[in-house]
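This report is an introduction for a reader who is new to the structure. It treats the sheet, the helices and the nonpolar core in turn.

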Amino acid sequence: MKIVILLLLSTFIWAQNLDKMIDTYINHGKRQVIKEMIDTIELQVQSKRFWHKSIQDINTTYGYFGSKKHLLIANKTKKNTQIYKIQNHNPVLQKTLPSLYGSINGDKQIEGDLKTPVGLYDFLAKLESKNGKLADKYGPYAFVTSYPNLIDKLIHKKTGHGIWLHGKPSTGEKLDTLGCVALDNNELRLLEKEIDHKETIMVITQEDYVVASKDEIATLFANLYKWRYAWQENHFEDYISFYAPQFKRFDKKDLAQFKEYKQRIFNKKEDKDIIFSNINIMPYLNGENKKIFKINFSENYQAKTYKFRGVKNLYVTLNGDAMSIIVEE
């Protein structure tokens, strides 16, 4: 992806603007040339057209995967789990496995309701039976999911914990779980060898997986860089316009509290450099049957008074060409 972007930008800048840049260099010097080049690049990465070209040969049905290695789609109605390997940003189906789910149908809402949640989850840890940390009823391994994720907790007020992808007891077959997803033990052993749980996403659906169009992915990329530009250049009103009225931050700040907090930071007018990498964009239907996108990426933030390097998660919706951030972590 990075190579494609560089090639497209190089072609655009040098083929279309070379004469203009030479004139700028002669009359205004190298700093103005650099500024004009950066401005030109910013306009490109904020345009849907640019991203359409960048992803034109990529299957975005299940989203865009910049760093994730595997995608698991657990379908509660079909009672199976599909295992996809991500190859050159494209998900390739490896196998489809029979699966068990919670004994009560529907989306999980509260602890103990015996329902399997609907949503998109990371794997936080892997537990093994051989080290004594896993009861026999869970089979040889258990992958701990991130349920409830931030949108589950902050927006939908869901409760509960301990939703795992695990195996079956050695004493015999079971017909359902307490809300987890369960696979055959032999298949789970093979899966454990194939995946890096830290680079794997699991989507749990009630029925079919909700798909993403190329236009949606291109729109989200363009919006992501418009949001970054407003943030980086201290354009407060443009920046805050990306946030939904019902917005919640990971620390439970609502939109009004968040605006007040950010206004103080923007008022400093600090120069800053914000770099996004390893971008993943994944669609799913929440329990209310509404289409949500999770945007996950690495962020490198450099300013005089604050530095940050880590992982960022945004839960967003699309309304036409406008991205609206619901939850930020």
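## Terms and basis

Two strands pair if DSSP finds at least two bridges between them. Helices (H or I, at least four residues) and strands (E, at least two) are DSSP runs, numbered from the N terminus. The model is predicted: local features need pLDDT of at least 70, side-chain atom pairs count only at pLDDT 80 or more, and totals for chains, interfaces and linings use all residues. Residues are numbered from 1 along each chain as its sequence is written, and side-chain values use heavy atoms, with hydrogens and water left out.

## The sheet

Eight strands form an open sheet with mixed pairing, in the order S4-S3-S2-S9-S5-S6-S7-S8. Its edges are strand S4 (90-98) and strand S8 (181-182), each of which pairs on one side only. Strand S3 (residues 80-87) is antiparallel to S4, with 8 bridges between the two; Gln82 has Thr96 of S4 as its bridge partner.

## Strand S9

Strand S9 (residues 200-205) pairs with S2 in the parallel sense over 6 bridges, and Leu71 stands opposite Ile201 of S9. S5 and S9 run antiparallel and are joined by 4 bridges; here Tyr121 stands opposite Met202 of S9.

Helix H6 (residues 214-232) has 19 residues and reaches 27 Å from its first C-alpha to its last. This is close to the expected 27 Å, the expected span being 1.5 Å times one less than the number of residues. Of the 19 residues of H6, 15 are buried, so the helix is largely enclosed by the rest of the structure. After H6 comes Asn234, with a positive phi near 60°.

A nonpolar core is a set of buried Ala, Val, Leu, Ile, Met, Phe, Trp, Tyr and Cys residues joined through side-chain atoms within 4.5 Å. The largest such core has 39 residues, of which Trp227, Tyr243 and Ile295 touch the most other members. H6 supplies the largest share of this core, 10 residues. Beyond its neighbours within four places in sequence, Trp227 is in contact (heavy atoms within 4.5 Å) with residues including Tyr239, Phe242, Tyr243 and Phe276.

Notes. Buried means under 20% relative accessible area, exposed over 50%, partly exposed in between (1.4 Å probe, protein chains only).
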